[in-house]
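User: I want to go through the labels on this model one by one. For each, tell me what rule it rests on.

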Amino acid sequence: MAVGFAVVLLLVSAPGAWAAPPANDNFADAEDLGAGFPVVTETWSNVDATEEVGEPYDVFTAGHSVWFRWEATSDDVVTIDTCQSEFATSLVVFTGASPDALTKVGEDGLTNGRNCPAAGGVTFRPVAGTTYSIMVDGDAFYLPEGKPPLTKGSFELKVEKTPQPPNDDFDQAMPLAASVTAMSPGDFFQIAWADSYNWEATKEAGEPSHGGDLGGASAWYTWTAPVSGRADLSACSSFDFRLGVYRGNSVNALVPVAVESRPAPCSLYFPAVAGTMYRIAVDGRFDPGAGRPKMGSHRVEVTIGSKSQAPAANPSVEPDTKPPNTRISKRVFRRMPPTWIFSFSSNEPGSTFECKLDKRPFKKCRSSKTFKRPRPGRHALRVRAIDPSGNVDLSPAVAHFEVEPSPPRRGRR
């Protein structure tokens, strides 16, 4: 009798062991959202969801995935998001017929879609008639000193046509938000930035061809120079764009200050005058094959300060020819697979950076840089700073790390 009582007590005290997973826990049982948009679903949950054999996995997923299926009826740009969520999600969109043979279309994050706090969105141009699989999981990534995040709970899933950006028109330009860092009395360094996208953006009548390209999907920004000097403008994006800086109060009467016609990523310098408002345009390069300009999300950033101010008109003042010094630090987030996070800085404010992994060429990069699943073996990351005067660190900072082969993964079912 005592043994039977202990068994009953164990079962009562551990109800989670008998909890049923959601009906759309498995890829084959994905919830059908139908075709076209908008689709605004009821509240869903990934509580007690599991990970199946062959399911796509990276360092951000928590292993509590649920699946949805949606068919595109046109090539209108679509945004799929879980912004109404009580936990930070990992949202990924795929094409493919089985969990072990999927092709990723996009994943959540500010680099792929509209900015929504605490959750994520995926924005892309679908192919009409194609069925897309949508995986929603918890975002399990956190640094060791942080608190483990909530990875299960309720969420809403939306599938809707992506609207034009709020700063599509010249008159609706988005001001850059500025942050000032004091360096010494009467001296400072300013960085101003904004995040947006040019999905479904247009080109206004009389608008110039930025960088000499036809373009056709421009987003506009404004920035007022706090001091006179050389300003460093950069635009980080996932698509090929053209960049233009102008003065003027009308889109058809602008005075060019600087233009950039190289493929992204790119940056440019221009002489700024204190108190002057500058108009900044980011336009997608026109793609003749697709018959439309390139589109995507981007961050616009302007820096100016004591190290980038123009020198006084005095021939006795020698130009800055001293290379900057680059510093790099490494942190490891130990889980399977581990994640390496590298942060770097320069002794000269306003510097930009270029990174080189192993034998690959140097490419422009931003601090910090994360490697989630590099190939097994020993690796070396080299980073060099480039100061506002164009001087390059001739002795790049180096960080070494070693990746061990991952053990074979075993399914949970």
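User: Why is Lys294 called partly exposed?

Analyst: First, the ground rules: the model is predicted, local features need pLDDT of at least 70, side-chain atom pairs count only at pLDDT 80 or more, and totals for chains, interfaces and linings use all residues. Residues are numbered from 1 along each chain as its sequence is written, and side-chain values use heavy atoms, with hydrogens and water left out. Now the label. Buried means under 20% relative accessible area, exposed over 50%, and partly exposed in between (1.4 Å probe, protein chains only). Lys294 has 29% relative accessibility, so the label is partly exposed.

User: What makes Asp287 and Lys294 a salt bridge?

Analyst: The rule asks for a side-chain nitrogen of Lys or Arg within 4 Å of a carboxyl oxygen of Asp or Glu. Asp287 and Lys294 meet at 3.4 Å, N to O.

User: Are Asp195 and Arg299 buried, partly exposed or exposed?

Analyst: Asp195 has a relative accessible area of 33%, so it is partly exposed. Arg299 has 24%, so Arg299 is partly exposed too.

User: What puts Glu354 and Arg384 in a salt bridge?

Analyst: Their closest N and O atoms are 2.7 Å apart. The pair joins distant parts of the chain, with Glu354 in strand 24 (residues 352-357) and Arg384 in strand 27 (residues 377-386), 30 residues apart. Arg384 has a relative accessible area of 23%, so the label is partly exposed.

User: What is the order of the open sheet of 4 strands?

Analyst: The order is 25-24-27-28, with antiparallel pairing. Strand 25 (363-365) and strand 28 (397-403) are the edge strands, as each pairs on one side only. From one strand to the next, the twist averages 35°. Axes here are lines fitted to C-alpha atoms, for helices over the stretch in contact, and angles run from 0 to 180 degrees between N-to-C directions.

User: How do you know that strand 24 and strand 25 pair?

Analyst: Two strands pair if DSSP finds at least two bridges between them. Strand 24 and strand 25 are joined by 3 bridges, so they pass, and they run antiparallel. Cys355 stands opposite Lys363 in strand 25.

User: What makes strand 15 largely enclosed?

Analyst: Strand 15 (residues 241-247) has 6 of its 7 residues buried, so it is largely enclosed by the rest of the structure. Strand 15 pairs antiparallel with strand 18 (residues 277-284) over 6 bridges. There, Phe241 stands opposite Gly284. Strand 15 also runs antiparallel to strand 16 (residues 255-260), joined by 5 bridges. The partner of Leu243 in strand 16 is Glu260.

User: What about strand 8: how many of its residues are buried?

Analyst: Strand 8 (residues 131-138) has 7 of its 8 residues buried, and is mostly covered. Strand 3 (residues 66-71) pairs with strand 8 in the antiparallel sense over 6 bridges. In that pairing, Trp67 stands opposite Met135. Strand 5 (residues 89-95) and strand 8 also pair antiparallel over 6 bridges.

User: Is Ser196 buried or exposed?

Analyst: Ser196 is in strand 12. With 8% relative accessibility, Ser196 falls under the cut-off, so the label is buried.

User: And Ala23, buried or exposed?

Analyst: Ala23 is in the loop between helix 1 (2-13) and strand 1 (31-35). Its relative accessibility is 71%, so Ala23 counts as exposed.

Key:
Helix = DSSP H or I, 4+ residues; strand = E, 2+ residues; numbered from the N terminus.
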